Amino acid sequence: MSYDKDHTVIRFDIVKNRRKFFIASSVIIIIGLLFTLFQGLHLGVDFKAGTRLDMFIGKEFNPTDIEAVIKKEVPNVNFSKVTPYGENQAYTRFDQTISSDTLMKMEMALKAKYGEQVSKQVSSVDPSIAQEMVQKAAIAVAIAAVGIAIYIAIRFQWLFGIACVVGLAHDVFIPIALFSILGLEVDITFIAALLTILGYSINDKIVIFDRIRENLRTMKSKTIPELEHLVNVSLWQTMRRSVYTVATVFFTALALAVLGSESIQNFSLALLFGLVSGTYSSIFIAAQVWVNLKERNMKKKKEVM
């Protein structure tokens with residue numbers, strides 16, 4: 001533990017150990033990339049053609065009995081295992097769109113078995129619409145990230161903009177990688193979570209970058225050790241604010257994930273992963289990327305002189 005001349009406590013030299021953080025993030029990203037390439041993403045109906053069938057049974061049931069009813073009505077269509085959730089509810093997903101007449105027959109068969117309280121909710125997407133949704137989702141995330149990076153470059157300086165791009169790419173990919181590793185469903189709420197994550201992440205990065213910029217005006221940064229010390233001081237000056245801010249949203253998202261309905265569970269989990277990733281990247285990735293870029297510029301200027 002050390003102090004700077006303004007009595008800012010530096011509990012741990014973050015900048016000195018930045019390579020360890022780069023390696024840790026790289027390992028997670030590589031593992032996630034391998035899972036994504038070989039295992040793929042568990043796409044929801046929003047991004048993959050097919051039909052999702054949610055069923056309210058209203059009493060205790062055996063998933064295999066429901067699967068038997070489905071196989072009888074659509075014997076030649078692949079579908080996922082019937083998964084219970086909530087109170088006496090279940091869902092499954094078909095690999096192709098199912099006609100309303102066939103779905104009605106399923107509902108009538110289930111009512112005959114479990115009672116008139118049985119009801120269904122259906123979500124169907126055609127192949128062309130699914131492909132369009134994937135493209136628009138990717139474009140939405142890309143536009144948001146690029147727009148934020150451009151703002152940072154104009155508002156601060158281009159080195160901050162580059163560091164911001166690296167940090168935001170990290171923040172987007174980590175939830176995607178974790179969803180692939182855990183086999184969680186990626187649907188339109190997941191994209192909403194990613195856009196929310198970008199907003200919180202950039203807010204945290206702006207606070208840190210702004211403090212670095214302020215300290216550049218008042219603290220010496222002519223040498224590399226002085227620059228690294230300046231960034232360490234800036235990070236620890238904003239550390240409490242960063243942790244408290246993310247903790248407030250984190251526990252709210254955790255409550256939604258634990259107590260919320262199944263329909264928002266994936267959104268809550270994506271938000272949890274993204275909040276942790278965003279805070280981590282702001283302190284240990286984006287700021288450290290800026291240090292590397294700044295040090296490279298300083299070395300080039302010395303070589304020219």
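View 1. Helix α2 (residues 63–73) has four residues listed as buried, I66, E67, V69 and I70. They share one side of α2, because they cover an arc of only 155° around the axis; the arc is that of the directions from the helix axis to the C-beta atoms. K71 and K72 are exposed on the other side of α2. Buried means under 20% relative accessible area, exposed over 50%, and partly exposed in between (1.4 Å probe, protein chains only). Helices are DSSP runs (H or I, at least four residues), numbered from the N terminus. This is a predicted model, with local features needing pLDDT of at least 70 and side-chain atom pairs counting only at pLDDT 80 or more. Residues are numbered from 1 along each chain, and side-chain values use heavy atoms, without hydrogens and water.

**View 2. A positive surface patch.** R19, R296, K299 and K300 form a patch of positive charge on the surface. Patch residues have over 30% relative accessible area and no salt bridge; like charges are joined within 9 Å, nonpolar side chains within 5 Å. A salt bridge is a side-chain nitrogen of Lys or Arg within 4 Å of a carboxyl oxygen of Asp or Glu. Helix α8 (residues 265–304) gives the most, with 3 residues. K300 sits in α8.

**View 3. K294 and L227.** K294 also belongs to helix α8. K294 is partly exposed, at 22% relative accessible area. K294 and L227 are 67 residues apart in sequence, yet 8.6 Å apart in space, C-alpha to C-alpha.

**View 4. A nonpolar surface patch.** I30, L33, L34, L37 and F38 make a nonpolar patch of about 570 Å². L34 lies in helix α1 (residues 18–38). L34 is partly exposed, at 44% relative accessible area.

Terms used:
Areas by Shrake-Rupley, 256 points an atom, 1.4 Å probe, with all protein chains shown as cover. Lys, Arg positive; Asp, Glu negative; His and termini not counted. Charge placed at Lys NZ, Arg CZ, Asp CG, Glu CD. Helix = DSSP H or I, 4+ residues; strand = E, 2+ residues; numbered from the N terminus.
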